[in-house]
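User: I am new to this structure and would like to learn how to read its features step by step. Could we look at it together?
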Amino acid sequence: MPLEILTIPCLSDNYAFLAHDAESGETALIDAPEAAPILAALASKGWRLTQVLLTHHHWDHVEGLSEILATHPAKVTGAEADAHRLPPLDATVREGDCVQIGAETGQVVDVSGHTVGHVAYHFPGSRALFTADSLMALGCGRVFEGAMPQMWESLSKLAVLPPETMVYSGHEYTQANGRFAETIDPDNPALQQRIREIAAAREAEMPTVPSTLELELATNPFLRARDPAIQAHLGMQGADPAEVFAEIRLRKDRF
Ligand code: ZN
Ligand code: FE
């Protein structure tokens with residue numbers, strides 16, 4: 001049985017996720033932006049929190065943790081490289097390590113770039129990938145701490161996962177990301193269609209997260225640095241994809 005995954009809007013535009021394994025009764029929280037909506041979701045589902053998987057140290061991903069743990073003690077896991085600035089951890093992980101939710105095994109992927117030590121969690125048995133501020137719906141996190149080639153390398157590790165993988169990213173930034181994506185990839189019909197779907201979803205106050213990796217590969221400019229049309233549009237035909245990615249990311253920072 002795959003994990004049952006709940007998307008929980010938090011703060012103004014963050015998402016947390018609960019991943020529940022019905023067989024064992026284990027429930028993992030992925031990131032803790034805000035306690036109240038997460039506690040409400042646990043209560044309404046009747047799920048018992050057993051562990052928390054943190055993606056990176058930014059306040060909007062950890063702020064609710066201590067309040068949650070006060071009433072819902074759970075094992076907290078985060079990246080070894082980020083441990084000095086994360087809340088206290090019970091377990092540290094690095095690239096290639098495994099985490100377990102009941103019988104479901106997740107792989108830890110180092111996706112440094114937005115921060116150094118940012119990790120994603122991939123659960124192949126449930127086709128679920130928790131990316132927070134690395135790969136985002138129609139975007140990627142701003143490169144604050146890492147180098148541009150490092151972020152490109154991180155995204156490239158995610159890009160080769162099975163296309164049917166669901167991408168559970170950390171923010172509802174998709175509509176604004178779409179306005180930028182159009183300036184990089186204006187002649188992409190799949191992007192134009194996605195932008196229309198995003199507008200309809202937001203009009204109906206529906207989240208645009210999760211998305212599928214297949215859709216991101218077809219429409220997310222940050223995964224498409226190899227695309228000849230994008231390279232031509234940027235005047236970078238035949239350039240190293242890492243350099244094309246860096247140019248797209250710099251344009252987004254100025255957008
Ligand atoms: Zn962040
Ligand atoms: Fe964030």
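User: Which residue in strand 9 does V109 stand opposite?

Analyst: As a general idea, the strands of a sheet pair through backbone hydrogen bonds, either parallel or antiparallel. In this model, which is predicted, V109 stands opposite A120 of strand 9. Strand 8 (residues 104-110) and strand 9 (residues 119-123) run antiparallel and are joined by 4 bridges.

User: What packs on the sheet there, touching strand 8 and strand 9?

Analyst: Helix 4 (residues 148-159) does, and it touches strand 10 (128-132) as well, while its direction makes about 155° with that of strand 8.

User: In what order do the 6 strands of the open sheet lie, and which strands stand at the edges?

Analyst: The order is 7-8-9-10-13-14, and the pairing is mixed. Strand 7 (98-101) and strand 14 (211-212) each have a single partner strand, so one side of each is left without a neighbour in the sheet.

User: Are H56 and H58 buried or exposed, and which residue coordinates both the zinc ion and the iron ion (ligand 2)?

Analyst: H56 and H58 are both buried. D133 coordinates both ions, which are 3.1 Å apart.

Notes. Residues are numbered from 1 along each chain as its sequence is written. Chains are lettered from A and ligands numbered from 1 in the order in which they are written. This is a predicted model: local features need pLDDT of at least 70, side-chain atom pairs count only at pLDDT 80 or more; totals for chains, interfaces and linings use all residues. Side-chain values use heavy atoms; hydrogens and water are left out. Two strands pair if DSSP finds at least two bridges between them. Helices (H or I, at least four residues) and strands (E, at least two) are DSSP runs, numbered from the N terminus. Contact means heavy atoms within 4.5 Å. Axes are lines fitted to C-alpha atoms, for helices over the stretch in contact, and angles run from 0 to 180 degrees between N-to-C directions. Donors are N, O and S atoms within 2.8 Å of the metal (3.2 Å for Na, K and Ca); water is not among the atoms, so sites may look incomplete. Buried means under 20% relative accessible area, exposed over 50%, partly exposed in between (1.4 Å probe, protein chains only).
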